[in-house]
Amino acid sequence: MRGSMDARVSFQQEVRSYLLQKRIPNIDRTDGFDELDFEIIISGVNFHLEVKEKRQRYNLSNWDWEGGEENLVIIDELSVRKCLGVAPYSGILIRDYTRNRYIFYSVLTLLLIPKKRVNRVIRRAVQSLKGKWLVDARNGIVCTSLDESFEQIARYVEVLPQALQALECLGNFWGENIGKGGIVRRPEHWEKDVRETR
């Protein structure tokens with residue numbers, strides 16, 4: 001499933017058709033608002049996936065962003081919170097029409113990456129706010145097809161147990177510089193910690 005994206009077909013419909021074609025067991029929840037769009041069985045686990053679209057280039061005069069428009073992705077904070085509700089087997093997949101690509105963010109990546117949070121004003125009968133996250137596309141996994149996207153989701157599921165056990169800061173993301181702090185920890189420090197917790 002590679003090639004030019006068809007804007008006439010919603011991303012939800014594209015994913016729905018893909019899952020049917022590839023015979024990937026799934027539950028389609030796209031008609032509701034309380035859960036993520038799809039629950040799929042991948043690499044033997046139930047994975048929850050939200051699908052979103054970047055339909056046009058952003059006007060940077062409307063957003064506080066310095067990383068270049070091509071790297072800007074705007075995600076609903078509500079979608080991230082829904083991912084947290086079924087973590088760690090969840091994430092967001094974005095179809096970016098502006099550059100004919102897909103971008104996958106696991107919930108773990110969303111937790112760790114640098115981000116800017118903003119409230120966007122919504123004018124209805126009563127004015128309200130909608131939380132948005134401004135994130136860098138380079139901090140997601142950029143793919144050229146749905147096949148590659150789902151391969152990356154499966155890879156995330158497979159490496160997740162090791163990632164959850166890593167002691168060092170996980171990832172090296174655009175927009176951050178991981179330094180060092182504190183004193184060097186030695187075995188006598190751990191022994192002291194164990195004694196004090198007894």
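Is phenylalanine 47 buried or exposed, and what is its relative accessible area? Phenylalanine 47 is buried, with a relative accessible area of 0%, where buried denotes under 20% relative accessible area, exposed over 50% and partly exposed anything in between (1.4 Å probe, protein chains only). The model is predicted, and local features were therefore considered at pLDDT of at least 70 and side-chain atom pairs at pLDDT 80 or more, whereas totals for chains, interfaces and linings use all residues. Residues are numbered from 1 along each chain as its sequence is written, and side-chain values use heavy atoms, with hydrogens and water left out.

A search of the whole structure returned five aromatic pairs, a pair being rings of Phe, Tyr and Trp (its six-membered ring) with centres within 6.5 Å, classed as stacked for planes under 30 degrees apart, edge-to-face for over 60 and tilted for the rest. In one of them, the ring centres of phenylalanine 11 and tyrosine 102 lie 5.8 Å apart with planes at 40°, so the pair is tilted.

Phenylalanine 47 and tyrosine 156 form an edge-to-face pair, 6.2 Å centre to centre with 80° between the planes, which links strand E3 (residues 45-54) to helix H4 (residues 146-165) over 109 residues. Tyrosine 156 is buried, at 8% relative accessible area, and ring pairs connect Phe47, Phe104 and Tyr156 into a cluster.

Notes: Helices (H or I, at least four residues) and strands (E, at least two) are DSSP runs, numbered from the N terminus.
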